[in-house]
Amino acid sequence: MNIGYSMDENEFVVFWAKKCRDNMQSCQRESNKLVDSQIELANAFYKRIGRKKALRILNNLHKN
Amino acid sequence: MDLLVSDTNILTKFTADFVKVIDKLNIKYAIVSGFVVIAHGRSRGTEDIDLIIERLSKEQFYKLHNELEKNEFECLQGNNVENLYVDYLIDNLSLRYVRKNEFLPEMELKLSKDKLDEYQLKTRTKLKLTNLNFYFSTIEMNIAFKEELLKSGKDLADAKHLRIIYENKLNKKEIENIKKMINEYRL
């Protein structure tokens with residue numbers, strides 16, 4: 001989304017929260033797309049490297 | 001309040017299937033932390049859902065674990081129910097369940113461990129704005145945890161998001177009370 005200037009992270013949080021307050025369903029649709037893409041990509045990666053390696057990575061991530 | 005299929009995503013469908021098993025066994029639960037904020041439109045990724053359930057006996061947990069397996073979930077820490085109960089749940093560690101043959105999302109399941117968790121379960125609520133038919137810990141609870149205990153950049157941004165969404169509806173006194181409880185039981 002081009003809003004004409006560059007926001008820092010904090011400004012974006014405020015901008016997005018206000019957008020959600022005004023139109024929650026539209027924000028939910030956008031964030032659902034983001035979460036789905038992330039999970040689908042990660043699952044494809046973990047399937048490609050195999051269960052043993054995948055579980056090792058996931059367990060290490062969980063420890064951290 | 002029911003979900004429209006077009007509005008659900010992977011996390012929501014996963015949670016709905018998982019909670020269906022919990023509900024069937026009449027186990028009291030509350031969804032806490034990241035998913036609460038994402039369900040309010042916050043634009044950030046996550047791969048897990050945190051769920052607190054009431055304390056279970058070993059036998060009750062066996063029943064839950066078996067029912068989850070029957071419903072195509074598996075526990076990433078193994079399937080020896082005795083070990084899962086003793087080495088994880090009783091030690092206040094989470095069990096991570098995924099759909100069989102998938103890796104993500106994960107359901108991080110924990111037993112209620114102290115008075116604060118009991119209070120989270122007691123005050124759990126359905127949040128109309130999410131349009132989801134799940135029990136969540138209260139908005140005040142999530143803000144207090146993120147501001148007082150978790151405090152990472154991501155958590156503080158989550159709290160800010162909720163504060164803006166619920167600007168005029170927050171019980172500020174309750175947030176302060178919960179922060180006091182966090183200091184008493186967790187810090």
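I began with burial: of the 187 residues in chain B, 39% are buried (buried means 20 or more other C-beta atoms within 10 Å of the residue's own, exposed means 12 or fewer, partly exposed is in between, and C-beta atoms are placed from the backbone). This is a predicted model, where local features need pLDDT of at least 70, side-chain atom pairs count only at pLDDT 80 or more, and totals for chains, interfaces and linings use all residues. I number residues from 1 along each chain as its sequence is written, with chains lettered from A and ligands numbered from 1 in the order in which they are written.

**Confidence.** I checked pLDDT, the predictor's confidence in each residue from 0 to 100. Chain B has a mean of 94, with 96% of its residues at 70 or more. For chain A the mean is 88, and 91% of its residues reach 70 or more. For the complex, the predictor gives an ipTM of 0.86 and a pTM of 0.92.

**Fold of chain B.** I count elements as DSSP runs numbered from the N terminus: helices are H or I with at least four residues, strands are E with at least two. Chain B has eight helices and five strands, and along the sequence they read α-β-α-β-α-β-α-β-β-α-α-α-α. Its radius of gyration is 16 Å, close to the 16 Å of the globule rule for 187 residues, so chain B is as compact as a globular protein of that length (the radius is taken over C-alpha atoms, and the rule is 2.2 Å times the number of residues to the power 0.38). The C-alpha trace spans about 45 × 40 × 30 Å along its principal axes. I also looked at contacts (C-beta atoms, placed from the backbone, within 7 Å): of those in chain B between residues at least 6 apart in sequence, 62% join residues at least 24 apart.

**The sheet.** In what order do the five strands of chain B stand in the open sheet? I get 1-2-5-4-3, with mixed pairing (two strands pair if DSSP finds at least two bridges between them). Strands 1 and 3 (73–75) of chain B are at the edges with a single partner strand each, so one side of each has no neighbour in the sheet. The twist averages 30° from one strand to the next. Strand 3 and strand 4 (residues 95–99) of chain B pair antiparallel over three bridges, and Glu74(B) has Val98(B) in strand 4 as its bridge partner. Helix 1 (residues 10–24) of chain B lies across strands 1, 2 (48–53), 3, 4 and 5 (106–111), running at about 20° to strand 2. For that angle, axes are lines fitted to C-alpha atoms, for helices over the stretch in contact, and angles run from 0 to 180 degrees between N-to-C directions.

**Core.** The largest nonpolar core has 53 residues, and Ile31(B), Phe35(B), Val36(B), Leu51(B) and Tyr97(B) have the most contacts inside it. Such a core is a set of buried Ala, Val, Leu, Ile, Met, Phe, Trp, Tyr and Cys residues joined through C-beta atoms within 7 Å. I followed up Leu51(B): leaving aside neighbours within four places in sequence, it touches Tyr29(B), Ile31(B), Met107(B), Glu108(B) and Leu109(B).

**Helix 6 of chain B.** Nine of the twelve residues in this helix (139–150) are buried, among them Met141(B), Phe145(B), Lys146(B) and Glu148(B). The cover includes strand 1, helix 2 (34–38), helix 5 (115–122), helix 7 (153–165) and helix 8 (172–185) of chain B. After the helix comes Lys151(B), with a positive phi near 60°.

Ser33(B) is not a glycine, yet its phi is about 70°; it sits in the loop between strand 1 and helix 2 of chain B. Is Ser33(B) buried or exposed? Buried, because 23 C-beta neighbours lie inside 10 Å. Asn101(B) also has a positive phi, near 65°, but Asn101(B) is exposed, with 10 other C-beta atoms within 10 Å. Its place is the loop between strand 4 and strand 5 of chain B. Pro105(B) lies in the loop between strand 4 and strand 5 as well, and the Leu104(B)–Pro105(B) peptide bond is cis, omega near -5°.

**Where the chains meet.** The contact takes 26 residues from chain A and 24 residues from chain B. On the chain A side, helix 1, helix 2 (24–49) and helix 3 each give two or more residues, and helix 2 gives the most, with 15.

Methods
Contact = placed C-beta atoms within 7 Å.
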